[in-house]
Amino acid sequence: MLDLDLDQWSTSRLLLTATRLVENAWSKELADFGITHAGLTVLVVITLQGAGTQSEIARSVRVQPQTMIRILDNLEYKGFVARVQTSVNQKKQLFAITPAGSKVLHSTAEMEQNILPRDQLPDGSVRRYLQQAIAELTRPRTRGM
């Protein structure tokens with residue numbers, strides 16, 4: 001194994017590598033539950049915000065609607081979400097969590113703390129930096145400056 005000098009890496013490279021490693025750790029932990037980290041994130045969003053459309057959920061998770069439909073289709077196939085029609089607009093479909101989805105969410109509730117406990121980060125500076133980066137990178141940009 002190469003001994004890499006992480007001090008020489010850019011912040012974005014460090015962030016991408018850490019993200020990949022955390023994602024891999026999540027994948028291993030979640031495999032037994034039949035759900036991905038992206039799917040689990042969607043279940044959390046639906047639980048906190050209530051049933052939503054594909055676009056609404058995509059916006060909350062900060063992915064494209066085309067990406068979200070693949071995640072929602074997989075969650076529906078596994079029985080973790082269900083499509084429901086709104087009484088106002090019969091063509092508008094909402095995605096709601098099912099009892100099976102709630103069970104998975106409950107079963108994995110403490111998993112995040114086991115993967116990367118918050119108390120390993122003594123101050124909130126890393127969290128604040130990541131929150132700022134997410135806000136900055138999702139802000140609409142103007143072209144041609």
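Two residues are in contact when heavy atoms of theirs lie within 4.5 Å. In this predicted model, contacts between residues at least 6 apart in sequence were counted, and 49% of them join residues at least 24 apart.

**The chain as a whole**

The protein chain holds 7 helices and 2 strands. Read from the N terminus, the order of its elements is α-α-α-α-β-β-α-α-α. Of the 145 residues, 22% are buried. The accessible surface amounts to about 10,900 Å², and carbon and sulfur atoms account for 55% of that area.

**Helix 2**

Helix 2 covers residues 37-49, which is 13 residues. From its first C-alpha to its last, helix 2 reaches 18 Å, close to the 18 Å expected at 1.5 Å a residue. Which residues of helix 2 are buried? They are G39, L40, V42, L43, V45 and I46. An α-helix has 3.6 residues a turn, so residues three or four places apart point the same way.

The buried residues of helix 2 pack against several other elements, among them those in the table.

| Element packed against helix 2 | Residues |
|---|---|
| Helix 3 | 54-61 |
| Helix 4 | 65-78 |
| Strand 1 | 81-85 |

Helix 1, strand 2 and helix 5 are also packing partners of these buried residues. Just after helix 2 comes G50, whose phi is positive, at about 90°.

**T98, a loop residue**

T98 sits in the loop between strand 2 (93-97) and helix 5 (99-107). Is T98 buried or exposed? Its relative accessible area is 14%, and buried means under 20%, so T98 is buried. Leaving aside residues up to four places away in sequence, T98 touches G79, F80, V81 and A82. With G79 there is also a pairing of polar atoms: a polar atom of the T98 side chain lies 2.5 Å from the backbone oxygen of G79.

**A nonpolar patch on the surface**

L15, V126, Y129 and L130 form a nonpolar patch on the surface. Together these residues have about 310 Å² of accessible area. Which element gives the patch its largest share? Helix 7 (residues 125-138) does, with 3 residues. L15, by contrast, lies in helix 1 (residues 11-30). The relative accessibility of L15 is 34%, so L15 counts as partly exposed; that class lies between the buried limit of 20% and the exposed limit of 50%.

Definitions and conventions: Residues are numbered from 1 along each chain as its sequence is written. This is a predicted model: local features need pLDDT of at least 70, side-chain atom pairs count only at pLDDT 80 or more; totals for chains, interfaces and linings use all residues. Side-chain values use heavy atoms; hydrogens and water are left out. Patches are made of residues with over 30% relative accessible area and no salt bridge: like charges are joined within 9 Å, nonpolar side chains (Val, Leu, Ile, Met, Phe, Trp, Tyr) within 5 Å. Accessible areas come from the Shrake-Rupley method with a 1.4 Å probe; for residues, only the protein chains shown count as cover. A salt bridge is a side-chain nitrogen of Lys or Arg within 4 Å of a carboxyl oxygen of Asp or Glu. Helices (H or I, at least four residues) and strands (E, at least two) are DSSP runs, numbered from the N terminus. Buried means under 20% relative accessible area, exposed over 50%, partly exposed in between (1.4 Å probe, protein chains only). A polar contact is a pair of N or O atoms within 3.5 Å; within protein, one must be able to donate a hydrogen and the other to accept it, and residues adjacent in sequence count only if both atoms are side-chain atoms. The expected span of a helix is 1.5 Å times one less than its number of residues.
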